[in-house]
Amino acid sequence: TTNKTTENQVRNEEPVSNVSVLTNNSKPMENMDTVFLTCHASGFILSRIWYKDDRVIKDNDRIITSPDNVTLTIISVNRYDSGTYKCKASNDFSNKSGDTKLQVNYGPEDINITPPGPVQIEQGETLTLSCAASSVPPATYEWY
């Protein structure tokens with residue numbers, strides 16, 4: 001029984017190391033994709049805590065952690081889910097963190113052409129039109 005006790009003590013004293021967060025999709029589309037974040041860590045792990053932009057994440061109807069907190073699932077991501085996701089793995093005497101950035105793609109939307117038409121100008125005058133849209137990644141524009 002002495003050997004079993006020694007093994008348990010060594011295992012329980014193994015510091016947390018190599019914490020990383022992996023995702024199935026780092027650039028998901030808004031309202032289309034579900035994202036799975038997985039917290040990998042070495043050593044003896046007693047707990048894992050998830051953070052988004054340094055705030056503790058609480059489960060809700062779209063954001064769910066697995067019972068052991070290894071996996072964070074975000075169902076039907078939206079633009080407000082973009083940010084830095086961090087997993088802090090801990091035991092009684094050490095902790096380490098790993099993180100990943102998540103950028104939710106959306107748009108283009110709210111397309112705006114200025115000046116709004118109709119516009120009257122005299123022949124030979126210059127007319128400058130501008131187009132803007134909300135989009136991640138930034139939209140490209142084509143006039144025709």
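**Group meeting: a patch, a sheet and a threonine**

Okay, let's start on the surface: Ile111, Ile113, Val119, Ile121, Leu127, Leu129, Tyr141 and Trp143 make up a nonpolar patch with about 740 Å² of accessible area together. Patch residues have over 30% relative accessible area and no salt bridge (a Lys or Arg side-chain nitrogen within 4 Å of an Asp or Glu carboxyl oxygen), and nonpolar side chains are joined within 5 Å. Areas are Shrake-Rupley with a 1.4 Å probe.

Quick caveats. This is a predicted model, with local features needing pLDDT of at least 70 and side-chain atom pairs pLDDT 80 or more, while totals for chains, interfaces and linings use all residues. Numbering runs from 1 along each chain, and side-chain values use heavy atoms, without hydrogens or water.

Back to Leu129: it's in the loop between β9 (106–114) and β10 (130–136), strands being DSSP E runs of at least two residues. Leu129 is partly exposed at 40%, meaning between the cut-offs for buried (under 20%) and exposed (over 50%).

Next, the open sheet: 4 strands, antiparallel, ordered β4-β3-β7-β8. β4 (55–56) and β8 (95–102) each have a single partner strand, so one side of each lacks a neighbour in the sheet. Pairing takes at least two DSSP bridges; β3 (47–52) and β4 have 2, and Tyr51 bridges to Val56 in β4.

Last, Thr23 in β1 (17–23), partly exposed at 26%. Thr23 touches Val35, Phe36 and Leu37, contact being heavy atoms within 4.5 Å. The side chain of Thr23 reaches the backbone nitrogen of Asn25 at 3.1 Å, and the backbone oxygen of Phe36 is 3.5 Å from a polar side-chain atom of Thr23.

Terms used. Patch = residues over 30% accessible without salt bridge, like charges linked within 9 Å, V, L, I, M, F, W, Y side chains within 5 Å. Buried < 20%, exposed > 50% of the residue type's maximum accessible area, 1.4 Å probe, protein only. Polar contact = N/O pair within 3.5 Å; in protein donor to acceptor, adjacent residues only side chain to side chain. Lists of a residue's contacts leave out its neighbours within four places in sequence.
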